[in-house]
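Subject: Handing over the structure

Hello,

Here is the structure we talked about, with the sequence beside it. Please open it and keep it in view while you read the notes below.

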Amino acid sequence: MDVIIIGGGIGGSALALALHASGVARRIRVFEAAAEMRALGIGIHIGAHAMKELSALGLEDALVATSCQPLDYAFFTRNGQLVYREPFGKAAGHRWPHICLARPDLQRVLLGAVRERIGPENFLTGHRCTGVEQSGGRVTARFVDPRGAALPEVTGDILIACDGIHSAVRAQLYPDEGPFCFRGYNLWRGTTRRKPFLTGASIARIGARHSTMIIYPLRKETDADGNLLINWVCEIERDVAVPVDWNKPGRLEDFFPTYQDWVFDWMDVPALIRGADQILSYPMVDRDPLPRWSFERVTLLGDAAHPMYPQGGNGGAQAILDAATLVRLLKSEPDPVAAFKAYEDARLPATSKIVVQNRTAPPNVIVDTVEQRTGGKRFDRLNDIISQDELKTIFERYQKVVGSHVQQVSKPQG
């Protein structure tokens, strides 16, 4: 098959690599809207369920070398009191690591592998898709350059839209969908260089409803001053959404007052925020699950298919799982239209559950449960409020919905 991929981000790159490894495509071309592939240094984490697929593509060593493998996931109240801590990644028994890393490092590894394996001439930047057409068992994509001038049309056997939350292909398929769904929370994100905290390789989530924060290191090595590169994300309830733009600069005064008193014996949150190299803002938005993704020889993947709240690292991870599932089905099903339908049947219900879960019961529901029972006050004995078994059940329930539980990840691929 001659395959057209719209979008060269995490999903598009993972798809190109999986297609190349499978041998089902005689030609793979990726068309990216950006004139130059650049990513700001905000962090991302990739769970063991997604790393399982990237490892099968030969990328584990390169990704581990430029990342941090967290040893534990710890939840704290807004008073800094520990609620629950669980071993994480390989420390929890996974065969594949859970990694935290800077987006530019992830992009560098993925793009380097894509260009090496399918050829740099098949990864074209400065091509923004404006529409697709199907005729006679073929798909044609139209493009414009960064100035808006028309570029030559491109025709192939199938087309997969991996063009993100502002997907032009999705907009064509669903022209009346309307705006993003905003339910009252904005994010502010940054990176800061500071001394290691907790185990030195911990993911820490602080707070519950109305205001929460997640903090984790992006690399395992410290610099000459003994500092780690730390990623942090503040989530605050707000009436008005900030712009839907991953690279939008954020203003300290818009969120800092919420955290100015969060000083604990294990973390000085105000100092962490004030010391940021950069601050970006983003609204907590998603879209309602679609009734279908696949239309004959065109289908959607990643954020183009299922934009979800950025909780638990699931945006990138689910795009990687989409790509792996789709390629396995294209390899086993000779009719690509049937393969696209099978892919939709497998992945649409699973990702729809995650969209709903991230709205209603994201990972910080653990702390939310405790703070509801204590009225947000400090506690003397946590076991008088909630048992560790109940907290473990809450945490594992989320893992099972997103497919990252150790029992699920250990199952054979296919």
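Helices (H or I, at least four residues) and strands (E, at least two) are DSSP runs, numbered from the N terminus. The model is predicted, so local features need pLDDT of at least 70 and side-chain atom pairs count only at pLDDT 80 or more, while totals for chains, interfaces and linings use all residues. Residues are numbered from 1 along each chain as its sequence is written, and side-chain values use heavy atoms, with hydrogens and water left out.

Helix α2 and what follows

Buried means under 20% relative accessible area, exposed over 50%, and partly exposed in between (1.4 Å probe, protein chains only). Helix α2 covers residues 48-56, and eight of its nine residues are buried, so the rest of the structure largely encloses it. The buried residues are Ala48, His49, Ala50, Met51, Lys52, Glu53, Leu54 and Ser55. Just after α2 comes glycine 58, which takes a positive phi of about 80 degrees.

Two strands pair if DSSP finds at least two bridges between them. Eight strands form an open sheet with mixed pairing, in the order β5-β4-β13-β14-β15-β12-β17-β16. Which strands lie at the edges? They are β5 (82-87) and β16 (248-249), each of which pairs on one side only.

Within this sheet, strand β13 (residues 202-207) and strand β14 (residues 211-217) run antiparallel and are joined by four bridges. Glycine 207 has threonine 212 of β14 as its bridge partner.

Strand β17 (residues 276-286) has eight buried residues out of eleven, so the rest of the structure largely encloses this strand. Strand β12 (residues 181-194) runs antiparallel to β17, and nine bridges join them. Here leucine 187 stands opposite tyrosine 282 of β17. β16 also runs antiparallel to β17, with two bridges, and proline 249 stands opposite leucine 280 of β17.

Methionine 284 is part of strand β17. Its relative accessible area is 2%, so methionine 284 is buried. For contacts, the cut-off is heavy atoms within 4.5 Å. Not counting residues up to four places away in sequence, methionine 284 touches Cys181, Phe182, Arg183, Tyr185, Asn186, Leu187, Glu235, Tyr309, Pro310 and Gln311. From C-alpha to C-alpha, methionine 284 and threonine 222 are 32 Å apart in space, and they are 62 residues apart in sequence.

Strands β3 and β6

Strand β3 (residues 43-46) pairs with β6 in the antiparallel sense over four bridges. Isoleucine 44 has leucine 101 of β6 as its bridge partner. Strand β6 (residues 99-102) is covered on both faces: Ile99 and Leu101 are buried on one side, and Cys100 and Ala102 are buried on the other.

Two packed helices are described by the angle between their axes and the distance between the axes. Axes are lines fitted to C-alpha atoms, for helices over the stretch in contact, and angles run from 0 to 180 degrees between N-to-C directions. Angles under 35 degrees count as roughly parallel, over 145 as roughly antiparallel, 65 to 115 as roughly perpendicular and the rest as oblique.

Helix α1 (residues 10-22) packs on α8 at an angle of about 30 degrees, with the axes 8 Å apart. The two helices are therefore roughly parallel. Their contact is made by Ile10, Gly11, Ala14, Leu15, Ala18, Leu19 and Ser22 of α1 and by Gly316, Ala319, Ile320, Ala323, Leu326, Val327, Leu330 and Lys331 of α8. By class, it has eleven nonpolar residues, three polar and one charged. In these classes, Ala, Val, Leu, Ile, Met, Phe, Trp, Tyr, Cys and Pro count as nonpolar, Asp, Glu, Lys and Arg as charged, and the others, Gly among them, as polar.

Helix α8 (residues 314-332) also packs against helix α9 (residues 336-360), at an angle of about 155 degrees and with the axes 9 Å apart. That makes α8 and α9 roughly antiparallel to each other. The α8 side of the contact includes Asn314, Gln318 and Leu321, and the α9 side includes Pro336, Ala339 and Phe340. The residues of this contact divide into eleven nonpolar, four polar and two charged.

Aspartate 368

Aspartate 368 sits in helix α10 (residues 365-374). Aspartate 368 counts as buried because its relative accessibility is 7%. Leaving out residues up to four places away in sequence, aspartate 368 touches Ala208 and Arg209.

Regards
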